[in-house]
Amino acid sequence: MFMFKLNEHKTNVFTELSAGFTTFLTMMYIVPVNGFILADAGLPMEAVITATALITILATLFSGLWSNTPIAMSVGMGLNAYFSYGLVLGMNIPWQTALGIVFLSGILFVILSFTNFRVWIMTSIPMNLRRAISAGIGTFIAFIGLKQMGMIVDNEATLVALGDFSNSNVLLGVLGLVLSFAFYSYKVKGAFVLSIGITSVVAWSTGLGELPTELLSAPASIAPIAFELDIASALTLSLLPVIITFLITDMFDTLGTLTGVGTRAKLFQENNKDDKSLQKTLEADAMATTAGSLLGVSTTTAFIESASGVEEGGRTGLTAVFTAAFFVCTLFMLPLFKSIPGNAIYPVLVVVGVLMFTELGKINFEDTDLATSAGAFFIVVLMPLTFSITNGIAAGFLVFTIIKLARNEYKDLNLGILVITFISLLAFIL
């Protein structure tokens, strides 16, 4: 255990074990949830569940060993929804091409993670626009969750309308939503897992779901999705904005997560110039995204649920190693995961969306200039309305730049903003 420097970090094996188990409980939901989301894009659920478990194990293990931080990694919420509902279903892009997009964004992230690009992009884009991107993704995945649950439905006159709350499946979704919010608000360990479990039991006992005939089985093969990515089809100018969207969103998501978790664990301290843990964690994240696309899943990222392990005292990569070890059991839980009703799963999207949306509250619109306020508005509103993270980001940066130019505020338009604005323009032209 010397490689983890437990004494230096004032921790021990038992504490790291407890922290790893806590992180596992809080993020185990991602395996069945990602299975449902990517299955909607046409990928075989059985293969996706196995691939999700595998990339979680491999990425978290690598993160712990490479960076020696208690950061767990898995398929990111938000970009997996964009993958299925924005690209495959919204833009009619084959899922193989969408995996190619994820791969290319991962390769770019790998290259850039070894440079000062992350510093440049973070200093180039105003903090309020970065917060708006997080909030916009939150509204996007919450909207998807509500739609999948049947709480909102199509309407020819108004585009969307309230769903039928006399429908038993919709009520099941409402139950899941209430339980998810309740357990999370009371800081119950494994809040999402517990809400999914209780909602599933209710569904099975009332005939709204089919009780699994067995709980465990051998892992399903990932052959139907592994190495099926189509990189050539993704290498088109029209998809460049989408690739950049995946890159920037993953980078913001990871840096935001590491900032939050690192503050509590006293990691990634700016005043410690010898601390290479942030750089190594970013490298692990980038390589995990690339590897995930090869296995057949969307973008992999650092999970904010790692904070739960930190709260339990986890301070080193040994926490992540234990988390990865616990995830091995999810490889054998396919029958149980497949029997979970959709409306026990989709409420989690809504709650995660709400949590991401709270970033908007950190923007002081009274003291913010018009360009930033308008840009933030279009980012947040257009992501769910157009079913596209790319369109939301593109519209927001275009509006921001246009207003700055109109007001002759050229000093606020650095190279980073101009590059993203140009790419945003391509998103609407191509």
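Visitor: How do you know that the span of helix H19 (residues 415-429) agrees with its 15 residues?

Guide: First off, this is a predicted model. The expected span is 1.5 Å times one less than the number of residues, so the 15 residues of H19 should span 21 Å. The end C-alpha atoms of H19 are 21 Å apart, which agrees.

Visitor: What makes Asn-414 a cap for the N-terminal end of H19?

Guide: A side-chain oxygen of Asn-414 lies 3.1 Å from the backbone nitrogen of Gly-416, and the cut-off for a polar contact is 3.5 Å. Gly-416 is also one of the buried residues in H19, along with others including Ile-417, Ile-420 and Leu-426.

Visitor: Why is Asn-343 called buried?

Guide: Its relative accessible area is 9%, and buried means under 20%, so Asn-343 is buried. Asn-343 lies in helix H16 (residues 342-357).

Visitor: Which backbone oxygen does the side chain of Asn-343 reach?

Guide: That of Met-149, at 3.2 Å, and the limit for such a pair is 3.5 Å. Leaving aside residues up to four places away in sequence, Asn-343 touches Met-149 and others, among them Gln-148, Asn-169 and Thr-199.

Visitor: How do you know that Ser-180 counts as buried?

Guide: Ser-180 has 1% relative accessibility, and the cut-off is 20%, so Ser-180 counts as buried. You'll find Ser-180 in helix H8 (residues 168-185). The side chain of Ser-180 reaches the backbone oxygen of Gly-176 at 2.8 Å. Not counting residues up to four places away in sequence, Ser-180 touches Phe-192, Ser-195, Pro-347 and Val-351.

Visitor: What makes strands S2 (residues 152-155) and S3 (residues 159-162) a pair?

Guide: Pairing takes at least two bridges, and four join S2 to S3, which run antiparallel. Asp-154 stands opposite Val-160 in S3, and a hairpin of three residues joins S2 to S3.

Visitor: Which residues have the most contacts inside the largest nonpolar core?

Guide: Tyr-29, Val-33 and Phe-83, in a core of 122 residues. Helix H11 (residues 240-265) gives the largest share of this core, eleven residues. Apart from that core lies another, of five residues, among them Phe-4, Leu-6, Leu-318 and Phe-322.

Visitor: What does Val-33 touch?

Guide: Setting aside residues up to four places away in sequence, Val-33 touches Met-77, Ile-196, Ile-345, Val-348 and Leu-349. In soluble globular proteins, nonpolar side chains tend to be buried together.

Methods: Residues are numbered from 1 along each chain as its sequence is written. This is a predicted model: local features need pLDDT of at least 70, side-chain atom pairs count only at pLDDT 80 or more; totals for chains, interfaces and linings use all residues. Side-chain values use heavy atoms; hydrogens and water are left out. Helices (H or I, at least four residues) and strands (E, at least two) are DSSP runs, numbered from the N terminus. Buried means under 20% relative accessible area, exposed over 50%, partly exposed in between (1.4 Å probe, protein chains only). A polar contact is a pair of N or O atoms within 3.5 Å; within protein, one must be able to donate a hydrogen and the other to accept it, and residues adjacent in sequence count only if both atoms are side-chain atoms. Contact means heavy atoms within 4.5 Å. A nonpolar core is a set of buried Ala, Val, Leu, Ile, Met, Phe, Trp, Tyr and Cys residues joined through side-chain atoms within 4.5 Å.
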